[in-house]
Amino acid sequence: MSDGFTDFLDRTQAFCRELAQNNTKDWFEPRKAKWKADVEAPAKLLGEIMAEEISRMTGAPHTAKLFRIHRDVRFSKDKSPYKTHLALLWASADADDLAPSFYFGIEPDSTTFGCGTPGFDKEALIRYRAMVDAWGAPLSDIIEASGARIIRIGPPPLKRVPKPYDADHPQGGLLKRKSLALGVDLPAGWRDTGDGLVAALTDCTERLLPFRSFLAERL
């Protein structure tokens with residue numbers, strides 16, 4: 001039996017599609033109550049449910065975060081007031097845990113479920129590069145086996161392999177990165193199974209668990 005979140009996904013994409021065409025306060029304010037009821041409230045519930053699932057699957061407590069719809073336009077040339085997508089994040093509840101977080105993004109016409117880190121700080125970047133130098137081959141194998149794609153979050157990669165690593169290092173592509181995240185689409189035909197969105201997101205989590213576990217153990 002479907003969990004009811006399929007309709008939520010459809011409503012969210014429809015709302016984001018309209019918002020993308022009418023990204024103004026005058027358009028949004030009369031529809032704010034609709035956003036809160038049809039999108040924000042069920043998104044928070046989905047976040048709580050998946051936090052329990054991810055905590056069970058990883059063996060580590062996770063908390064959910066729903067990103068606000070308002071854009072920070074202080075330092076942006078684009079003054080559009082609202083984000084035209086919805087984003088949920090599930091991160092370890094342990095502040096000292098460097099394990100990658102899980103992410104679900106809903107765009108007007110697409111979705112992405114991901115796992116990764118938006119950017120390493122200075123010390124974590126040193127550890128990450130040392131890990132890639134030592135364990136890059138099995139990490140690449142895990143990424144390939146997942147069928148996921150590396151997605152761009154955080155700072156752009158370097159143009160050259162950083163020193164002290166050789167310019168022709170076999171894992172040069174990974175060494176150039178200052179962040180690392182994988183993304184997958186919802187399983188093909190997930191709507192036809194009738195199991196619902198939570199089951200589809202759980203399948204996505206399972207696909208990315210080896211990647212998450214590998215980095216969690218070595219960072």
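Student: Which residues does aspartate 109 touch, not counting residues up to four places away in sequence?
Tutor: Aspartate 109 touches Gln13 and Arg17 once those sequence neighbours are set aside. Contact here means heavy atoms within 4.5 Å. A word on the basis: this is a predicted model, where local features need pLDDT of at least 70 and side-chain atom pairs count only at pLDDT 80 or more, while totals for chains, interfaces and linings use all residues. Residues are numbered from 1 along each chain as its sequence is written, and side-chain values use heavy atoms, with hydrogens and water left out.

Student: Why is aspartate 109 called exposed?
Tutor: Its relative accessible area is 63%, so aspartate 109 is exposed. The classes are buried for under 20% relative accessible area, exposed for over 50%, and partly exposed in between, with a 1.4 Å probe and protein chains only. Aspartate 109 sits in the loop between β3 and β4 (111-117). From C-alpha to C-alpha, aspartate 109 and leucine 175 are 33 Å apart in space, and they are 66 residues apart in sequence.

Student: What makes glutamine 13 count as buried?
Tutor: Glutamine 13 has 11% relative accessibility, and therefore counts as buried. Its place is in helix α1 (residues 5-21). Beyond its neighbours within four places in sequence, glutamine 13 is in contact with Ile106, Glu107, Pro108, Asp109, Ser110 and Thr111.

Student: How do you know what is a helix and what is a strand, and how many of each are there?
Tutor: Both are DSSP runs numbered from the N terminus: helices are H or I with at least four residues, strands are E with at least two. On that basis the protein has seven helices and six strands. Along the sequence they follow the pattern α-α-α-β-β-β-β-α-β-α-β-α-α.

Student: Why does the radius of gyration of the protein agree with a compact globule?
Tutor: A compact globule of 219 residues would have a radius of gyration near 17 Å, and the protein has 19 Å, so the value agrees. The radius is taken over C-alpha atoms, and the globule rule is 2.2 Å times the number of residues to the power 0.38. Along the principal axes, the C-alpha atoms fill a box of roughly 55 × 45 × 30 Å. Of the 219 residues, 42% count as buried. Among contacts with a separation of 6 or more, residues 24 or more positions apart account for 68%.

Student: What makes up the largest nonpolar core?
Tutor: A nonpolar core is a set of buried Ala, Val, Leu, Ile, Met, Phe, Trp, Tyr and Cys residues joined through side-chain atoms within 4.5 Å. The largest one has 53 residues, of which Leu46, Trp90, Phe113, Leu139, Leu186 and Leu197 touch the most other members. Helix α7 (residues 197-218) gives the largest share of this core, ten residues. Leucine 186, leaving aside neighbours within four places in sequence, is in contact with Leu9, Phe104, Thr111, Leu197, Ala200, Leu201 and Cys204.

Student: Why is glutamine 171 called buried?
Tutor: At 14% relative accessibility, glutamine 171 counts as buried because its value is under 20%. Glutamine 171 has its place in the loop between β5 and α5. Leaving aside neighbours within four places in sequence, its contacts are Val132, Gly136, Ala137 and Ser140. The loop between β5 (149-150) and α5 (172-175) also holds proline 164. A cis peptide bond joins lysine 163 and proline 164, with omega about 15°.
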